[in-house]
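Here are some notes to read with the model open beside you. Take the points one at a time, and find each residue on screen as you go.

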Amino acid sequence: MAPAPCALCNTSRALIIRPKNHQKLCKPCFIYLFETEIHNTITANALFRSGERIAIGASGGKDSTVLASVLKTLNERYNYRLDLLLLSIDEGIKGYRDDSLETVKRNAVQYDMPLSIIGYDELYGWTMDQVVSQIGKKGNCTYCGVFRRQALDRGAARLGIKHVVTGHNADDVAETVMMNLLRGDLPRLSRATSIVTASAASDIKRSKPLKYAYEKEIVLYAHHKGLDYFSTECIYSPEAFRGSARTLIKSLERVRPSAILDVVKSGEDMARLVPPEVSNSGASVVGGKDVTVVLHGEAEGDVGCGSSNGRASGGEMSVLEQKLRENETHDSKELPNGNEIDFTLQGQGHDRHKSAPTAIKPKRLPKQQLQRCGRCGYLSSQSVCKACMLLEGLNKNRPKTQISVSIEEEDNSPTLTRRMEGLTMVGQP
């Protein structure tokens, strides 16, 4: 059988099948098409302005490495006139972050970009290795997420930068949408799908240029471009809930390649239906585009957490689909003539004179007022920021701590992060 030609140039031999749409492309066409799609995402959402200083959140992984390479290429090709630099966070995880930072240092030389590294031990007096030794592996991602977000803001502020770009890809966004759906977390769902977010705790905004890029295509791009990146996953992440959502998304992708973008688009559509009083987030306009304002500490789907070993499998999905088909077949059967089904609850008749039940009004979340943290001086919606609250428990030298939420709090607020002020540190024997 003759080799298939490239679907774009029709001259070279096709070597790559795009995971997104199964399009057959040669190597040069795939690279150019991938970069062009990122450029279209940037221009369609007006992510940058000429002369802007941009900090690239660099971890040494495939996403941030590809992001740095693509932005450097597009900046030169389309004359964005951006001042690009790398900003890395050292969480203090031996055997993982120390090795990945060596990759980042090589990337800084390869891309001719300045590099700034800021560590947890410098900011908080704790490394993640020390945190895990204190609290165990359960709940450690909560500490790391809060610390890392504030560290990125502080690192950018030190450099005088007001725009940070991160390597969140389409798979990450789809996983975040799925996680928020499974948790019933509409407020965070409305924020996680935005390509540009601004923290209410600082004037630093964030954007995701790779939002519509498939993870598999990012790996293909890195491979065919010969990029230098670090591929080991965080040693503390297998306990994260994201791993289960990731497995579910991968199962859907095997059945329907467009499932990832479908989930992202569905999340965007649902986010537009969430009322502002529920999402408790404001919006501003930057470059003619809406920018979602995120309360400090509410991460928009941090990458690098979770494991590829989840609990869902393709077999479970096929069984579920078979049950759904059987239910549809059963529901489509017509009832015998003369038979009626009474859906009235036992003991409750149809009394037309009784007044209709009063509609339940959705609870409105209290408005957040920004103020300075009483301990570290960082902007926060509470008198003490979430990072300082977590540090308080660590500094009390408790042998092991876990995060728990009371039943009353569970009834009043939809997410763990939004309830950080009322956290109870419960000791374990």
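1. Begin with Arg375 and Glu392, whose side chains meet in a salt bridge with an N to O distance of 3.3 Å. The term salt bridge here means a side-chain nitrogen of Lys or Arg within 4 Å of a carboxyl oxygen of Asp or Glu. This pair links distant parts of the chain, 17 residues apart: Arg375 sits in the loop between strand E11 (371–372) and strand E12 (379–380), and Glu392 belongs to helix H14 (residues 386–395). Helices (H or I, at least four residues) and strands (E, at least two) are DSSP runs, numbered from the N terminus. Glu392 counts as partly exposed because its relative accessible area is 30%; buried means under 20%, exposed over 50%, and partly exposed in between (1.4 Å probe, protein chains only).

2. Before you go further, please keep in mind that this is a predicted model, where local features need pLDDT of at least 70, side-chain atom pairs count only at pLDDT 80 or more, and totals for chains, interfaces and linings use all residues. Residues are numbered from 1 along each chain as its sequence is written, and side-chain values use heavy atoms, with hydrogens and water left out.

3. How many salt bridges does the structure hold? There are 26. One of them joins the side chains of Glu35 and Arg77, at 2.6 Å from N to O. These partners also link distant parts of the chain, with Glu35 in helix H1 (residues 27–44) and Arg77 in helix H2, 42 residues apart. Glu35 is buried, as its relative accessible area is 3%, while Arg77, at 35%, is partly exposed.

4. Now look at Arg49 and Glu52, another salt-bridged pair, at 3.5 Å from N to O. Arg49 is exposed, with a relative accessible area of 56%, whereas Glu52 is buried at 6%.

5. Buried residues of H3 include Arg97, Leu101, Val104 and Ala108. Seen down the axis, the buried residues of H3 fall within an arc of 155°, so they line one face of the helix; the arc is taken over the directions from the helix axis to the C-beta atoms. They pack against H2, E4 and strand E5 (115–119).

6. Finally, a word on confidence. The mean pLDDT (the predictor's confidence in each residue, from 0 to 100) is 78 for the chain, and 69% of residues reach 70 or more. Over residues 334–350 the pLDDT is below 50. Where pLDDT is low, the predicted coordinates should not be read in detail.

Notes:
Contact means heavy atoms within 4.5 Å.
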